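Trainee: Could you walk me through how to read the packing and ring pairs in a model like this one?

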Amino acid sequence: MRLFRRGKVRDVYELPPDRLLIVATDRISAFDAILPAPIPDKGVVLNQLSLFWFELMRAIVPNHVVESDADRFPPQLAPYREILRGRSVIVRKAEVVPFECVVRGYLSGSGWKEYRAGGTIGGVRMPPGLVESSRLPEPFFSPATKADVGHDMNVDEVYMDRSIGAALTRRLREISIAIYSKAAAYALDRGIIIADTKFEFGLDVNGELLLVDEVLTPDSSRFWPSAEYAPGRAQASFDKQPVRDYLEASGWNKQPPAPPLPPAVVSSTQARYREAYRLLVGRELGP
């Protein structure tokens with residue numbers, strides 16, 4: 001087993017001949033820097049929420065998960081079983097499509113920034129008169145390039161067509177909107193607005209399209225408490241907003257290394273991740 005890739009949050013290891021072990025750590029990043037203090041339970045929340053959504057969306061699209069129970073992992077992983085438990089999965093290898101498949105139901109983040117500047121999202125003209133956090137007339141597919149360094153870039157479907165072909169682009173749009181629509185309705189019944197989210201897809205060795213990476217987590221989505229929603233301003237969210245707020249107020253120049261987080265910020269962020277899990281899954285996060 002060797003390290004295949006280390007991301008800001010996930011460590012990925014090769015399991016010959018054709019499997020990967022993905023471990024969701026408690027690392028947290030902000031403003032493109034990994035912070036020195038982890039957020040307890042964060043990796044477990046990300047992994048368990050993704051497994052929950054993978055299963056719920058299985059009728060729409062298959063996924064890359066092979067095994068999620070650490071007790072059934074291969075024997076060579078037995079010494080690490082307790083470390084891996086709850087926060088890791090074994091998956092099929094897949095050639096990842098080089099685009100983030102973003103679906104927006106509400107106007108926020110980079111979409112709001114672009115709309116405010118020119119009335120478009122990803123170069124596509126939007127209805128006039130929208131304000132920050134407005135609900136869009138319908139879910140909007142807004143692909144973005146995948147950047148290894150820095151920020152992803154919003155693009156239009158024409159750009160995506162030229163890169164991967166019109167047929168695959170159309171299929172990814174249809175699947176992404178179907179997943180988002182089903183998830184948004186489910187979450188709203190449980191007090192959460194999914195403002196936007198991003199999906200990743202891959203093709204396995206047989207050319208089957210798979211939903212991969214993480215799905216509908218606080219790291220890949222904007223979750224807003226529906227009871228507090230009011231368009232025209234930024235919304236409270238179930239994510240690392242306490243971390244961002246602290247760093248913005250700290251005077252940090254946003255260049256590595258990032259400053260340590262106070263215990264209160266760590267615990268507040270941990271509580272937000274756990275609350276998102278509780279509301280969506282319907283039970284407390286296990287030990």
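Mentor: Happy to. Keep in mind that this is a predicted model. Let's begin with one side chain: leaving aside neighbours within four places in sequence, Trp53 is in contact with Ala183, Tyr186, Val215, Leu216 and Leu280.

Trainee: Which residues have the most contacts inside the largest nonpolar core?

Mentor: A nonpolar core is built from buried residues joined through side-chain atoms within 4.5 Å. Here the largest one has 45 residues, and Trp53, Ile179, Phe199, Phe201 and Leu216 have the most contacts inside it. At least two residues each come from several elements, including helix H1 (42-56), strand E14 (192-203) and helix H7 (263-281). Helix H5 gives the most to this core, with nine residues. Apart from it lies another core, of 13 residues, among them Leu35, Ala37, Leu261 and Val265.

Trainee: Now a helix. Which residues of H6 are buried?

Mentor: In H6, which spans residues 241-250, Pro242, Val243 and Leu247 are buried. Looking down the axis of H6, you find the buried residues within an arc of 130°, so they line one face of the helix. What they pack against is strand E4 (29-30) and H7. After H6 comes Gly251, with a positive phi near 85°.

Trainee: On to the rings. How many aromatic pairs are there?

Mentor: The count comes to ten aromatic pairs. To name the geometry, look at the angle between the planes: over 60 degrees is edge-to-face, under 30 is stacked. Tyr106 and Tyr229 are edge-to-face, at 5.5 Å centre to centre and 80° between the planes. Tyr106 belongs to strand E9 and Tyr229 to the loop between E16 and H6, so this pair ties together parts that are 123 residues apart in sequence.

Trainee: Is Tyr229 buried or partly exposed?

Mentor: Buried means under 20% relative accessible area. Tyr229 has 24%, so it is partly exposed, whereas Tyr106, at 9%, counts as buried. Tyr229 also pairs with Trp224, this time stacked, with 6.0 Å between centres and 15° between planes. Trp224 is buried, at 2% relative accessibility.

Trainee: Which residues do ring pairs link into a cluster?

Mentor: Phe52, Trp53 and Tyr186.

How values were computed:
Residues numbered from 1 in each chain as written. Predicted model: local features only at pLDDT ≥ 70, side-chain atom pairs only at ≥ 80, totals over all residues. Heavy atoms only, no water. Buried < 20%, exposed > 50% of the residue type's maximum accessible area, 1.4 Å probe, protein only. Helix = DSSP H or I, 4+ residues; strand = E, 2+ residues; numbered from the N terminus. Contact = heavy atoms within 4.5 Å. Arc of directions from axis to C-beta. Phe/Tyr/Trp six-rings, centres within 6.5 Å; stacked < 30°, edge-to-face > 60°.
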